[in-house]
Amino acid sequence: MISLNQVTKSFAGTNAVHDVSFSVSQGAFLVLLGPSGCGKSTMLRMLAGLEQPTGGQIRFGDTLVADGGSGFTIPPAKRDTGLVFQSYALWPHMTVAGNIEWPLKVAKLSNDERRARIKEAMEMLGIAQLANRYPGEVSGGQQQRVALARMIAPRPNVMLFDEPLSNLDATLRVEMRVELLRVHAATGATSVYVTHDQVEAMTMATHVAVMNRGRIEQFDAPERLLAEPASAFVAGFVGTPPANLIPIADGKWFGAIADPSLPGLRGYAMVRAEEIAVTDEPGPRTLQVRLAEIVPMAGRRLVTGIVNDIRITAIADGAARLPLGLRFRLPDAPAAFFDTEGNRIS
Amino acid sequence: MTLPLRRRGQLFASHGLTLAMALILFALVAAPLITIAIQTLQPSSGAQAWGDVLASRLSPNLFWRPAANTMLIGLSVAAGCVLLGGFLAWLVVMTDVPGRAAIGFMATLPFMIPSFATALAWGSVFRNGRVGGGGGLLEGLGFAIPDWLSWGILPTILVLIAHYYALAFTVIAAALAAVNGDLIEAAQMTGASRKRILFGIVLPVVTPAIIAGGSLAFAGAVSNFAAPALLGLPVRMQTLSTRLFGMIEIGQTERGFVLAILLICISAVFLGIGNRILSGRRSFATIGGKGAKPRRFALGGGKSLLAVLAWSICFLTTVLPIFLLLAASFAPSSLALFSNWTLHYWIGTSDPAFARGQPGIFHNPQLISALTTTLTLGVVVAFTANLLGILIAVALTRHKVPVLSSLVSQLSFLPMLLPGIAFAAAYIALYGAPIGPLPALYGTKLLLALALTAAMLPFAVQTGRATVAQISGDIDEAARMTGAGFFRRLRAITIPLAARGLVAGLLISFVNIIGDLAITILLFTPTSPLLAVLSYSYASDGFHQFANAVTLVILVISMFATGAATLLRGRRRENIA
Ligand SMILES: Nc1ncnc2c1ncn2[C@@H]1O[C@H](COP(=O)(O)OP(=O)(O)O)[C@@H](O)[C@H]1O
Ligand SMILES: [Mg+2]
């Protein structure tokens, strides 16, 4: 189990991570999701022990591993954690087997034990045939597997990943997602996985912490993020495609189309793409849009139109021809409503 | 009329340029080397000289002992430079030592101070009176300085380390700065101690740079002339370069040529070994990837001690030698550097009671002539070498011709591997006698200029390549679409875009030329010597104050040029620190 209590990290006065608290149970797969620069890596590095929090406590199980208030910290190697770097950080002067072996040597494991662990890790990742190659002599996807093997060989209780798939091409990325989940299941360790790709979060996580500007916007199961986004930021960040956020002023859509279901409200209405109908007839809550693009997807089409400089995406069935004068019909009531600060109101 | 002309121009631009460069390089680099080899292979005189040098009663003195000294100096200097340069590079790049940027800057300076300046400064402190010319500062304070500290191999080694460690520092610091911070953090995660990370991860990863830095220092040390000449010759310690100089000076040119070839071979063998080690290992390929943030170790307790150590090294190898030279150029007695200061050695008129009637350097007509000769030569050679450098770079990148291009590339790099004094000997071999209708060039400024140009080529081509690389092919092609000719494109597009780097390159070549002694000592014109040669001859005649004053003149000019180059380059310093 990992639990954080009001963890804060500031660099020279500015907070990279601000007042973060959550806990996940043993064996969970937690994804830290957020845009670049939101503090994900800093969070992960505090869990690894490479960075010391300036406030709050981090506990692994019942053990306190870092306390920002007192400056107490347990060094990285004593935390029973493993970290996979975005750059893989393979040591270029050691062979694949050498890379996996070095941490075991540092941990003073016996010769036999080391050999067994190396074999086990390489077989789990399917790289046994690469044992005597150097990192510079294997492909990017294989380097990724070597980095994983090196991380799991000491059998850490907590596995940490910092955007491990971001240097791979799209096909390999999908393949490695499956591989990572397999390793996670086989080891039974708790995983914390950092990414800016919401698809990775949605497909891999048992829990997702959506981060923005150093804070956690929402901590939930992936499907709950879609069903009940806690803020406009989350609603606009997750989902394929993410939900539309339509500005509301004086109870009117776009400040123009009055609607009794929005009594005098100001803020943003969340409307999912599947709730918008594509039509060519004028009608209530129906607006003329300028076509921006059409993306075919699983036999249907994502139709994006522009209204008042705002992009709105709807879903149309595959077969029907798109009308010439394109119109979107909004639903009777928005699925959620956020105030101007982005906080959920209803 | 215009059409054939243009077509000829296009042809010239595509093949002629490479061919012209190949011919120039042949004359400047290959021909002298071929000639020196042929001359020593003449059945009668050549074989005789090889026999004398390698297997005769004389050969221990002629070759074996100097060769042993040379090797000892080369290996010690390489080791010392790697240790010193590596230590400073580690401090500057990998730790939080105070004043990192300044240390990083200072550590690159010693290479800009000519090695004879450091050697003279050593003498001003550690000299003993044994060989005449008076003792140095320490003897003046009442210490008895043993010979091994005053003269010979140890002072030579130390002075050369103080000169060449800057080279090792630059190479190793660049390599350390490129080490991905993640590599080290990945090691920290395992719980490895700091020492284990340094020796298990950091050092192996930068081994290529360590080998490269060591090879460069070795090559520099074995070919250096000034330090062993000033510190070794007074006690008859000979290296191959001083021996070679001596042979040519007393007219035994054949023997000198043989020694030159042997010196080239020794240098080449070691550079070759270094290269072999580097290219033979699969493990040195670096792997890219994002996230290369540098990470610094906190030094903790030893911080101030290490900082003091680093600052002392920088101070001892840059500021102190210059300061000592300055003091010694004012002090009538070399035993008391800080008393009875006088400006006589700078601006005094001839006085029979003072310095055996020698006037101050600014009243010495020789100095004025040496100053103008040196500056003119420096400017002319710097321009010529860099112009050739650009043309060669253009030929190599834009107009690839099979075989010829690789020949041009290798010939232009070759002088880098050749000890300067041996290269100068090769010039004597080729141009010392008339070639057909051409007169003998030995003793003319033209010969000196040609040899220095050739010696500067590797650096100039490097500058040229950087210049050409800065201007992508697209930009040049866009200009070509307008129909602008080759030289017009060079003038209107290439040169303006690359002016800063180019001027910095020019200034650095200039500094290297005016500080050179290894080539000039063999090829200078007796009627109008150069500053470096003048300083050397003052020193070998025992007029240390004058030697110091002349050296300071060179240093001041060098410092202005280096400072200007540093300003122009701007970013270079930050790259390291
Ligand atoms: N060592 C550091 N020193 C100063 N600022 C830092 C440091 N590391 C991260 N930051 C800052 O903290 C913020 C969060 O960085 P990071 O955790 O790397 O973001 P992410 O991984 O989500 O892209 C950024 O604004 C970054 O500039
Ligand atoms: Mg990051």
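The tour starts with chain B as a whole, then moves to single spots in chains B and A.

Before you click: this is a predicted model, where local features need pLDDT of at least 70 and side-chain atom pairs count only at pLDDT 80 or more, while totals for chains, interfaces and linings use all residues. Residues are numbered from 1 along each chain as its sequence is written, chains are lettered from A and ligands numbered from 1 in the order in which they are written, and side-chain values use heavy atoms, leaving out hydrogens and water.

**Stop 1: all of chain B.** Show chain B as a cartoon and you'll see 26 helices and zero strands. Both are DSSP runs numbered from the N terminus: helices are H or I with at least four residues, strands are E with at least two. The C-alpha trace spans about 75 × 75 × 50 Å along its principal axes. For 577 residues, a compact globule would have a radius of gyration near 25 Å, and chain B agrees, with 25 Å. That radius is taken over C-alpha atoms, and the globule rule is 2.2 Å times the number of residues to the power 0.38.

Now colour by burial: 52% of the 577 residues of chain B count as buried. Buried means under 20% relative accessible area, exposed over 50%, and partly exposed in between, using a 1.4 Å probe and protein chains only.

**Stop 2: residues 531-540 of chain B.** This is helix α24, and eight of its 10 residues are buried, so it is largely enclosed by the rest of the structure. Among the buried ones are B:L531, B:Y536 and B:Y538. Step just past α24(B) and you reach B:G542, which takes a positive phi of about 90°.

Stop 3: In soluble globular proteins, nonpolar side chains tend to be buried together.

Stay on B:L523 and show what surrounds it. Setting aside neighbours within four places in sequence, B:L523 has contacts (heavy atoms within 4.5 Å) that include B:Y427, B:Y442 and B:L448.

**Stop 4: A:G34.** Over to chain A. A:G34 sits in the loop between β3 (29-33) and α1 (40-48), and at 0% relative accessibility it counts as buried. Beyond four places in sequence, A:G34 is in contact with A:K40, A:T195, A:H196, A:M211 and A:F237.

Stop 5: Most residues other than glycine have a negative phi, and most peptide bonds are trans. First select A:T240 and A:P241: the peptide bond between them is cis, with omega near -5°. A:P241 is in the loop between α8 (232-237) and β12 (244-249).

Is A:F254 buried or exposed? Buried, with a relative accessible area of 13%.

Finish at A:A298, with phi near 45°, in the loop between β18 (290-297) and β19 (300-307). A:A298 is exposed, with a relative accessible area of 80%.
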